[in-house]
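Subject: Structure for your review

Dear colleague,

Please find below the structure that I am handing over to you.

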Amino acid sequence: MQSELIGRFAPSPTGDLHFGSLLAALASYCDAKHHHGRWHVRIDDIDEPRSVAGSASAILKSLDIYGFEWDGDVLWQSHHLPRYADALSELVKHQFIFTCNCSRRKLPSGMAYPGNCRDQVVPYAGKDACYRKHDHALRCRMRGQVSFTDAVQGSQTVNLETDPGDIIVWRRDQLVSYALACAIDDSDKATHVVRGADLLSSTSAQIGIMQALHIPVPQYAHIPVALDANGDKLSKHSKAPAIITQEPLPTLLQAWNFLEQIPMTPGSVEEFWQHAVPAWSMDRVPAQTRMAL
Ligand SMILES: [Zn+2]
């Protein structure tokens with residue numbers, strides 16, 4: 001028997017839910033529920049300095065109003081720090097980790113890490129030693145290549161040594177990096193990761209970490225990114241407006257049509273979901289970035 005599909009939606013609490021994140025929520029939810037799987041909501045709240053007070057609860061409230069039903073309790077990355085520390089310890093054990101004291105100025109922008117500090121390998125001092133109390137960032141040596149088939153973007157092969165190169169797994173400010181936290185949680189708690197294509201470039205590093213740790217690699221589907229009228233990606237960064245919560249149905253249908261699913265004319269949010277889950281087809285989702293409206 002095939003094991004159960006587990007999907008996830010993992011917003012950062014850095015602003016309200018906007019149309020771009022609604023697309024990821026809708027696609028991951030439909031994908032999981034269409035296959036009778038489970039769907040988790042995970043709040044990626046490890047980057048405390050960037051978090052906006054009240055935004056996690058606002059996101060959960062919006063999801064609820066839009067009719068999303070998540071399984072089990074909401075997962076919080078900030079509760080998983082011991083797990084990330086264990087993963088770091090395992091990477092140290094296998095000599096993947098080195099301290100990096102390069103300033104941002106010293107590094108060529110937009111290029112792979114040139115390897116300046118690679119000989120500063122962190123020595124292994126046992127499973128329970130604390131490896132994250134450094135004055136420097138900790139980088140993970142990236143070796144070899146990864147190949148995977150993305151359900152929307154197709155076959156991908158990436159040379160980890162140049163793209164992205166050795167990545168930071170623990171930051172100088174003592175915070176776990178998004179790459180490490182996301183890799184661990186997706187491996188531990190998801191079988192299928194559906195998210196925006198703007199994150200496709202970070203996937204290879206996350207798979208690189210999973211491979212280094214010999215933990216399961218989920219399947220990926222990177223859905224198209226929605227652009228606003230100026231051609232900018234709809235994101236919190238571009239100050240995309242929050243989705244309206246007074247009347248969710250038109251926005252749900254807009255997201256549904258953006259993902260090129262079979263058109264429907266439901267009369268209510270409830271009816272929308274009754275149609276959407278059985279009708280969902282990942283094969284219909286286009287690969288290309290497009291205007292939202
Ligand atoms: Zn360095």
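The chain contains 7 helices and 12 strands. Please bear in mind throughout that this is a predicted model.

Overall dimensions

The C-alpha trace spans about 60 × 45 × 35 Å along the principal axes of the chain. The radius of gyration is 20 Å, which agrees with the value near 19 Å that a compact globule of 293 residues would have.

An open sheet is formed by 5 strands, whose order is 3-2-1-9-10, and the pairing is parallel.

Helix 4 and helix 5

In one of them, helix 4 (residues 178-189) and helix 5 (residues 200-213) have axes that come within 9 Å and cross at roughly 65°. Helix 4 is therefore roughly perpendicular to helix 5. The crossing of helix 4 and helix 5 is right-handed. On the helix 4 side, the contact involves A179, L180, C182, A183, D186 and S187; these meet S202, A205, Q206, I209 and M210 in helix 5. By residue class, the contact of helix 4 with helix 5 comprises 7 nonpolar, 3 polar and 1 charged.

Helix 1 and helix 7

The other pair brings together helix 1 (residues 19-34) and helix 7 (residues 269-279), which pack at an angle of about 70° with their axes 8 Å apart. This angle makes helix 1 roughly perpendicular to helix 7. The crossing of helix 1 and helix 7 is right-handed. Helix 1 contributes C30, K33 and H34 to the contact, while helix 7 contributes A276, V277 and P278. The residues of this contact between helix 1 and helix 7 divide into 4 nonpolar, 1 polar and 1 charged.

In summary, the points to inspect are the open sheet with its order 3-2-1-9-10, the right-handed crossing of helix 4 and helix 5, and the right-handed crossing of helix 1 and helix 7.

Yours sincerely

Definitions and conventions
Residues are numbered from 1 along each chain as its sequence is written. This is a predicted model: local features need pLDDT of at least 70, side-chain atom pairs count only at pLDDT 80 or more; totals for chains, interfaces and linings use all residues. Axes are lines fitted to C-alpha atoms, for helices over the stretch in contact, and angles run from 0 to 180 degrees between N-to-C directions. Helices (H or I, at least four residues) and strands (E, at least two) are DSSP runs, numbered from the N terminus. Angles under 35 degrees count as roughly parallel, over 145 as roughly antiparallel, 65 to 115 as roughly perpendicular and the rest as oblique. A crossing is left-handed if the near helix is turned anticlockwise from the far one by less than a right angle, and right-handed if clockwise. Two residues are in contact if their C-beta atoms, placed from the backbone, lie within 7 Å. Ala, Val, Leu, Ile, Met, Phe, Trp, Tyr, Cys and Pro count as nonpolar, Asp, Glu, Lys and Arg as charged, and the others, Gly among them, as polar. Two strands pair if DSSP finds at least two bridges between them. The radius of gyration is taken over C-alpha atoms; the globule rule is 2.2 Å times the number of residues to the power 0.38.
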